[in-house]
Amino acid sequence: MYDYDLLVVGSANADLVIGVERRPGAGETVLGSDLAVHPGGKGANQAVAAARLGARTALLARVGDDSYGRLLLDSQRAAGVDTVGVLVGGAPTGVALITVDPSGDNSIVVSPGANGRLAPEDVRAAASLFHASRVVSAQLEIPLETVVEVVRCLAPGSRFVLNPSPPRPLPREVLAACDPLIVNEHEAKVILGDACVSERPEDWAGLLLAKGPRSVVVTLGAEGALVASAAEGVRRVPSVKVDAVDTTGAGDAFTAALAWRLGTGASLAEAAAYAARVGAAAVTKAGAQVSYPTAAEVDAL
């Protein structure tokens, strides 16, 4: 019996958000809206998204001993996330500087702060969390060597989900553990590198599978997603049509929902279809964590 449906190992940032009519070019200044501060970071976002859906969720992360760190801890606890694995101190809390244009598209610059101090020894010290978790999810806003240690600490029978964002080449040991590897178009092309000789997502999925993951999900924004595994082949998953307000954090909501549903026994295609509805619900509201739906809201959509 697992204590947690999902353990998220990853980043926790304060999101500093400004709305702009258009994003500035090099050397240009544009005026924006009033600054809004939200709890964010891919790891913290995923944990909140899963907990709001009803998943028993824990977070392993590091924040600073500062006001942003307290904001992040409060938001996790309010969502029902177990924060026993959240470490405090070592550096200031990470910060993401986000501009959002009228179409809802965003540009993000991240200062890792304490996220960069989440170390392999922190993962080893949290062994009890890994043994208590059905599914473990990670991203790349923490050091890559820490993600490698996550793979090495997985409990027998647990499942590992990775969204390699921001993307970088991955060691074979990490790729082989992914079930699935979740990428968007940009992430797929970075990981494939010179092997990316096609513009077809179906081809990306096949090439990524050849690198070792047990399964692959390619997210395609308004076009839905594509799922692929050696056992089930390649399938398209349609999107849900909504009026997008802000895409910030939508990918994190998708990943969290998919990871949770896989842990309940859903097939990859079933989990991705549910995750697409969760992601669609998230983009209809401004912000990241504050936009994440409950299970009832997803069902209504």
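**Reading the salt bridges**

Visitor: Is D101 buried or exposed?

Guide: D101 is buried, with a relative accessible area of 14%, where buried means under 20% relative accessible area, exposed over 50% and partly exposed in between (1.4 Å probe, protein chains only). Please keep in mind that this is a predicted model, in which local features need pLDDT of at least 70 and side-chain atom pairs count only at pLDDT 80 or more, while totals for chains, interfaces and linings use all residues. Residues are numbered from 1 along each chain as its sequence is written, and side-chain values use heavy atoms, with hydrogens and water left out.

Visitor: What is a salt bridge, and which residue forms one with D101?

Guide: The term stands for a side-chain nitrogen of Lys or Arg within 4 Å of a carboxyl oxygen of Asp or Glu. The partner of D101 is R23, with the closest N and O atoms 3.2 Å apart; R23 is partly exposed, at 32% relative accessibility.

Visitor: How many salt bridges does this rule give?

Guide: The count comes to 14.

Visitor: How far apart are the closest N and O atoms of E185 and K189?

Guide: They are 3.0 Å apart in this salt bridge, and because E185 and K189 are four residues apart in helix α7 (residues 185–192), about one helical turn separates them. Helices (H or I, at least four residues) are DSSP runs, numbered from the N terminus.

Visitor: Which residues are joined into one network?

Guide: Salt bridges with shared partners connect R200, E202, D203 and R236.

Technical notes:
Helix = DSSP H or I, 4+ residues; strand = E, 2+ residues; numbered from the N terminus.
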